[in-house]
Amino acid sequence: MTAIRIEGLHKSYGGFEAVHDVGFTARPGSVVGLLGPNGAGKSTTLHVLLGLAAADAGSATFGGRPYADLEHPSRVVGALLDAGGLHPGRTGRDHLRVLATAARLPARRVDEVLDLVGMTPAAQRRVRTYSLGMKQRLGIAAALLGRPEVLVLDEPANGLDPAGMRWLRELLRSFAADGGTVLLASHVLAEVAQVADALVVVGQGRVVADGPLDDLVADRSLEDVYLDVTATTEGVR
Amino acid sequence: MFRAELLKLRTTRTPWIIGAVALAGMVLTQVLHLVLPRTLGALASLEGPGLTVGVQAPGAASDLVPGLAAIADLGSAEAQRGMLDLLGNGAGGAGSSGVTALCMLLLGVLAVTTDFRTGGIVPTALVVPDRLRVLAGKAGATAAVALVTGAALALLTAAGLVVAVGTTPGATLALGAGEALAVWGRGLVVLVLLTWLGLAVGTLVRGQVAAIVVVASLALVEPLVQAAALVLTGGTSAATSWLPLTLGALASTGQGAADLLGGTTAVSAWAALAGLTAWAAVLLGTAAVVFRRRDLA
């Protein structure tokens, strides 16, 4: 199975240093929660990891290879970023068909993932008619298209109802139990606390806490720990 | 990637609307081709002592501007070549409706800027991290749509020509099959090159509205530059013939427009096609370099 390894990552936009010397590892069979305040550098880290932005220094790899060097990226990594890049005028099924075609995946896989995320009844509707939760489910379906070994999800619980949250939690736990690697960026601490094995907390572009969830939290709540370690880095930069 | 990008275009309404507008523009152009000579004839018959209309009948048009007579005569090769023009530029390239050209430019622009606007470029780049493959897929898909649209436009022009010859007394087909096919062939290549110009502009500008403004401005400003150069140089400068949309018109139907306007440019259809290809290659190449280097998120 495939591990995520990030080492000494630096990324600046103009004079603004979004990520400074970030490094951590997410091992197969685990769910790693990536936490941090707004503007802390979580999304930038994920963008560099997924080859959408170039690092100024450092490395971000899947099984030792940068994302751009993966031969069949969809079969290794499934990712959900932001709202999933959905065209409002396209149907949910067509969105997945486009991605499956680009990834050279069999057409039947589209129906399989639609069924997996519970979106089959709405598959022929245009995306503009979807709720935020439905868009998230479709984005997760896209991430699962290639039966990946790694999931990288940015705020996947956004807009999900309680049943959807439970479904997502069970999906991630089962994915990790099968040996998959999950990197989960989220603001919903309670959700992360229920599903993560390990945490990476970033603040002002730096890693401010990193380790197994149980070791970091000990006998305190995750919220207390989070607010403690981000106390000096709170707020939008 | 080509199939995926083609599927993207097929599964949204915009490319269909663009195709429909291009076809509607061509229908209008063909109707004008058919109606204009008859209107000129009717105006000429009204002309008498004390009445002078601005445009003269085909028979007397040679006194106005050399070449106009041939263009207004639907039995002439010049007029028939203009009717087959896929760009719908009007008789001898002089009408400059430019609807088809604008539609192809917009098709290229929207094929890439829609991805930037909706964020669809992110899942695309996640599936295919090689940016050049993504751009090549878009170029192939827009070219395919341009070719299909062009084929439909060719059918319309053929129908228009048949009606023109059939309803004009004494008119016969003045063009051989080879020449008709050459006009269509060059027209199809021009349509593809225009979509690629739009694709390049969209990739470089990224913002959808800004990119549309750029290509619309190009379509509006270029004829003005042409006219200004004509007036200032007395038609002795060929420099403005090398602007992209002018090259498209020249490549499609040849010298008709320049001759009609009194220009002395000597750009052949094939040279114009080569010039437009160079524009597309340079702009698309630049766009590819920028697209490859730029962060997508």
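Is the crossing of H5(B) and H7(B) left-handed or right-handed? The first legend takes up that point, and all the views come from a predicted model.

**View 1. Helices H5 and H7 of chain B cross each other.** Here you can follow helix H5 (residues 99-118) of chain B against helix H7 (residues 131-167) of chain B, with axes that come within 10 Å and cross at roughly 155°. Since angles over 145 degrees count as roughly antiparallel, that crossing makes H5(B) roughly antiparallel to H7(B). As for the opening question, the crossing of H5(B) and H7(B) is right-handed.

**View 2. Residues of H5(B) meet residues of H7(B).** From H5(B), look for B:Thr100, B:Met104, B:Leu107, B:Gly108, B:Ala111 and B:Val112. Their partners in H7(B) are B:Lys138, B:Ala141, B:Thr142, B:Val145, B:Ala146 and B:Leu153. Taken by type, the residues of this contact divide into eight nonpolar, three polar and one charged.

**View 3. Chain B touches chain A.** The contact draws 24 residues from chain B and 28 residues from chain A. On the chain B side, helix H1 (2-10), H5 and helix H6 (121-127) each supply at least two residues. H6(B) gives the largest share of that side, seven residues. The chain B side divides into 13 nonpolar, seven polar and four charged residues.

**View 4. Strands S1 and S2 of chain A form a hairpin.** Strand S1 (residues 4-13) of chain A pairs with strand S2 (residues 16-26) of chain A in the antiparallel sense, over seven bridges. A:Tyr13 stands opposite A:Phe16 in S2(A). Two residues lie between the strands, and A:Gly14 takes a positive phi near 65° in this hairpin.

Technical notes
Residues numbered from 1 in each chain as written. Chains lettered and ligands numbered in written order. Predicted model: local features only at pLDDT ≥ 70, side-chain atom pairs only at ≥ 80, totals over all residues. Pairing = 2+ DSSP bridges. Helix = DSSP H or I, 4+ residues; strand = E, 2+ residues; numbered from the N terminus. Axes fitted to C-alpha atoms, helices over the stretch in contact; angles between N-to-C directions. Parallel < 35°, antiparallel > 145°, perpendicular 65-115°, else oblique. Left-handed = near helix turned anticlockwise from the far one by under 90°. Contact = placed C-beta atoms within 7 Å. Nonpolar A, V, L, I, M, F, W, Y, C, P; charged D, E, K, R; others polar.
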